[in-house]
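Me: I would like to go through this structure with you, starting with surface charge and then moving on to contacts between side chains. Could we take it topic by topic?

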Amino acid sequence: MSAVWRASRAAVKRRRLQTFVIGLVVLCSTTTVLLALGLLAAASAPFDRAFDEQRGAHTVAAFDPAKASPEQLVRTARRPGVEAAAGPFGQTVLEMPDDWLWMSAGSLGVVGRADPNGPVDRIRLLEGRWATAPGEIVVNWPVDGTPGPGRLGTRLEPRGAPPLTVVGFATSMSKSAGAWVSPEQMARMHPTTAQMLYRFTNAATERELRTGLTTATAGLPAGSLGTAQSYLTLKRAFSAQADAYLPFMTLFGVLGLLVSVLIVGNVVSGAVVSGHRHIGVLKSLGFTPNQVVAVYLTMVSVPALIGCVLGVVSGNAVAGPLLRVAFSGVETGSASVGVSRWPSVVCLLGMPALVAVAALIPAARAHRLSAARAIAAGSAPRTGRGLRVQRRLGGSRLPRAVSLGMGQPLARPARSLLTMAAIVLGVTTVTLTTGLTSTMVAYGQAGKSDGAPRIDVQAGSSARGRTAPAGSDRRTERLLRSLPGADQVTVRALTKVSLGGHTQTVFANFYRGDTRALASEIVEGRWPAGAGEAAAGPAFLHQHGVSVGDRVTVRLNGKEAPVTIVGKTMEGNAQALESTWQTLFRLDPTAQAAEYTVRLAPGADARKYIAAVKAADPSLRAALLRSDNAATTTVVGFASVFTVLLTVVAALGVFNTVLLNVRERRRDLGMLKSIGMTPRQVTVMTVSSVMVPGVIGGLLGIPPGIVAHRLVVDHVGVVAFPESMKQVWHLPQLAALVVAGVTIAVLGALVPARSAARLTIAKVLHNE
Amino acid sequence: MTTDSDSSRQVVVRLEGVHKDYGDAKALDGVSLEIRAGEAVAVMGPSGCGKSTLLNMVAGLDRPTSGTVRVHGEDLGRLNETGLALFRRRHVGMIFQFFNLIDDLPALDNVALAAQLTGTSARQARRRALELLDELGIAGRKDTYPAALSGGERQRVAVARALMNRPALLLADEPTGALDSRSGEQVMDLLIDLNQIGQTLLIVTHDPHLATRCASRLIEVADGRVARESTLEPTA
């Protein structure tokens, strides 16, 4: 065993508590950083992997077969910049009834392909087989898993088209179609467009994709290109939810790293300062300066390495549930969202390296220290610091134990600054979480601030094997309004529509009735009021490249309706837009509502209302809408966990500083106790020593916390918080945050303060 | 040996059958002794004989394994930590070999500290501290920090601090052990002066010269027991 290792092991044994603190801090930080990196990796890597495996189409283009012949389209595959291409495939849109394979009514884009393989968009078959004969269809299954073989053989009855039998389920990362049939079947369905699938040599940006497509289609007749879907849009949709979590995860990760560096620097500098005599002894024994530094580096590296390994284990354990939340409801296709290995590798290599660098700077003092000076340190009186302030404190009206404590940080200004920095980071974290919680709670309460219960009423459907309502949806609406307790009724119809310029179909919600609660979610523009008006959430607008004021064409049942986006909602499905019943009437005059939201009058009995609905029409299913919000719960939950972690880490920083101070001042403490300082006074003095850094840390930690909150709420892509939800700061709350700094300081100081109070005077003074 | 007049004085310290064990090691083995008001008692003995442990027992810094320690009528074994602190504050002043001054405070504030802990205002405490420093001849160094004081001056400051709360008993642990001979003599003179004005002294020392100069009674300790007690004739 080398002398360095022997001395390091002895140093670790002598500093069991500090060793534990370093290990715990590194564990917490590693967990946080691993989660942030894991989320970052999951936001793009699984999509890229699955997309590459399927040789996904960079652009899915639809052409007008009346303008561009199949031969002309085939020639586009040989144009410069085209790496590979597939097609042309016949394409049409089927109008599906409600509840087909549990999906909503509306448009279904169908493509005729002879086989799922090819140079581009190699469709992965999940169940059954490929459609080879007329009357057969393979349905795209966009979410994780498979529907199971039990659904094979289901007969689909699109409106105005012959029935089709489901022979397979498949998934395409390119989302090139909602379903596929054989080319023969497609020919019978009279394709309206021709689909081409392209992979380009340069496809990293939207601009490169546009250039690639323009070059490829340069020789085609004007106006032959109908729609073009970029894979980058799909990628954005894939990571939209994860991206929403990333800003705050990253911020917490950075905060965790900063706290770790501070704590490690603090512990090592403390160990070097308090171990001057030990350094002198080592050097006098013949340790070289480098060996002395190695002793200190090893001393912190051992717990850091253990903490890092445990942090990686716990991070990986937590990452699974986190990713499940971040990707819930996302059409992941064949992409397998899981915890990547590289974040673990980065943490395992990076964290110990970071710790070593943080330790190296203070350890360099041990390198420079001469043996004679080091051995003399401790026996000679120190030249005090901040003497004038201490003198003034001594003359103040404060109890002497308090004034003595308040003067202590001045004796070790650098250490006190490091401690204060840990408190600042702790308060920043608490501020960020407080702000996020306030914002998320306000967001969760949006539209239901009156606290009135809301009832969701679903109309039965024969497709689901349930009795359909006896009359029209107008009759159902009147019924719901007439029942005791009803205050407002919002009627909704959900359908899938095609959007001009886009290959994929989108959901459309059409409303009538009382829409005031929905209008309150508008953050830009206004809620749609008449025919041809729509609103959408930020994710939809971003992913479809439209803004408030833009006009889009909505297609349903072979009819088109121009729709103007008149408002941006605070949130919303990336694949859904909201419109009025008048717009639906233009597209499908026979459409019926499927869902009603009834807001009861304040004080009304929700259970009685639900019973009354059931009694009035057994085909209606009524249930109380829960007011909790999954996103709110997730963000607040994770932020709270991180806050607890980082607050504990910050408190541990204070703990370490106070512990060092207590050890350094053992002689003073012994003397003070010998002249009559009571244990309570010792505790008060020790706790007072961190009160001022606590207050200052509280004051300094609030502004970066407010800035961090703003950064997070401004960069959640899937939600556009209104200004009212971002302005969450009030004076009492800010005052409470200053108290958080003091609380962190006191929590950290309490244990060493109690140990100082219990210090055996005889032992301390005998050591002299 | 005590005279009639000695025996009429109040007993300040009474130890009865005091044992103190540190694991298997016996630091004190059935020590019994009395110190009366105004006495100056020196405790001597070889290293590790138990004399510092004896001092710690009397100061309430350590608790006996068995036996009774009474100081100024107070049974120290029945006091909790806070009680012991209050006892030390009221009845005991201590002087250490290495002075144990707080480096961050000037001489005046080091002395005033003992009174301030009792709740005395800073102004009153400083006034009393200045009087003591003046009596000990170092008032001119009141604003000097310990690092800039000589060894003798530091010990005078320590003595002033020990006297701050007018203790019934002044305990000195090797008070001249870290001083040069001239400073040592000055501190001895100081202790003699204090005893002459009625201050009870208990001095633990290796130095026979200090014992014979300052004490009227000598207790010799060996292997944790009182080996011999004798009366000393003043040499000064």
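**Charge, salt bridges and burial**

Reply: Helix 1 (residues 3-14) of chain A supplies the largest share of the positive patch, namely three residues. Please bear in mind that this is a predicted model.

Me: Which residues gather in that patch of positive charge?

Reply: The patch on the surface brings together Arg6(A), Arg9(A), Lys13(A) and Arg16(A).

Me: Where is the place of Arg16(A)?

Reply: Arg16(A) belongs to helix 2 of chain A, which covers residues 16-53.

Me: And is Arg16(A) buried or exposed?

Reply: Arg16(A) counts as exposed, because its relative accessibility is 62% and the cut-off for exposed is over 50%.

Me: Let us turn to salt bridges. How many are there over all chains?

Reply: A search of the whole structure gives 39 salt bridges.

Me: Take Glu83(A): which side chain does it meet in a salt bridge?

Reply: Glu83(A) pairs with Arg55(A), at 3.5 Å from N to O. Glu83(A) is in strand 2 (residues 82-96) of chain A, whereas Arg55(A) is in the loop between helix 2 and strand 1 (59-63), so the pair ties together parts that are 28 residues apart in sequence.

Me: How accessible are these two, in terms of relative area?

Reply: Glu83(A) is partly exposed at 42%, and Arg55(A) is partly exposed at 23%.

Me: What about Arg665(A) and Asp668(A)?

Reply: The side chains of Arg665(A) and Asp668(A) form a salt bridge, with an N to O distance of 3.6 Å. Arg665(A) counts as buried at 13% relative accessibility, and Asp668(A) is buried with a relative accessible area of 4%. Both residues are called buried because the cut-off is under 20% relative accessible area.

Me: Over to chain B. Which partner does Glu34(B) have in a salt bridge?

Reply: The partner of Glu34(B) is Arg14(B), and the closest N and O atoms are 2.9 Å apart.

Me: Which residues are joined into one network by salt bridges that share partners?

Reply: Arg391(A), Asp109(B), Arg126(B), Lys142(B) and Asp143(B) are joined in that way.

Me: Now Asp62(B). Where does it lie?

Reply: Asp62(B) is found in the loop between helix 2 (51-59) and strand 4 (66-71) of chain B. Asp62(B) is buried, with 14% relative accessible area, and its side chain makes a polar contact of 3.4 Å with the side chain of Lys20(B).

Me: And helix 3 of chain B: which of its residues are buried?

Reply: In helix 3 (residues 81-91) of chain B, the buried residues are Gly83(B), Leu84(B), Ala85(B), Phe87(B), Arg88(B), Arg89(B) and His91(B).

Me: What reaches the backbone nitrogen of Thr82(B) at the start of that helix?

Reply: A side-chain oxygen of Asn80(B) comes to within 3.2 Å of that nitrogen.

Me: One last item: where does Thr437(A) lie?

Reply: Thr437(A) is in helix 13 (residues 413-445) of chain A. Thr437(A) counts as partly exposed, at 22% relative accessibility. Thr437(A) and Arg710(A) are 273 residues apart in sequence, and in space they are 13 Å apart, C-alpha to C-alpha.

Note on methods
Residues numbered from 1 in each chain as written. Chains lettered and ligands numbered in written order. Predicted model: local features only at pLDDT ≥ 70, side-chain atom pairs only at ≥ 80, totals over all residues. Heavy atoms only, no water. Patch = residues over 30% accessible without salt bridge, like charges linked within 9 Å, V, L, I, M, F, W, Y side chains within 5 Å. Areas by Shrake-Rupley, 256 points an atom, 1.4 Å probe, with all protein chains shown as cover. Salt bridge = Lys/Arg side-chain N within 4 Å of Asp/Glu carboxyl O. Lys, Arg positive; Asp, Glu negative; His and termini not counted. Charge placed at Lys NZ, Arg CZ, Asp CG, Glu CD. Helix = DSSP H or I, 4+ residues; strand = E, 2+ residues; numbered from the N terminus. Buried < 20%, exposed > 50% of the residue type's maximum accessible area, 1.4 Å probe, protein only. Polar contact = N/O pair within 3.5 Å; in protein donor to acceptor, adjacent residues only side chain to side chain.
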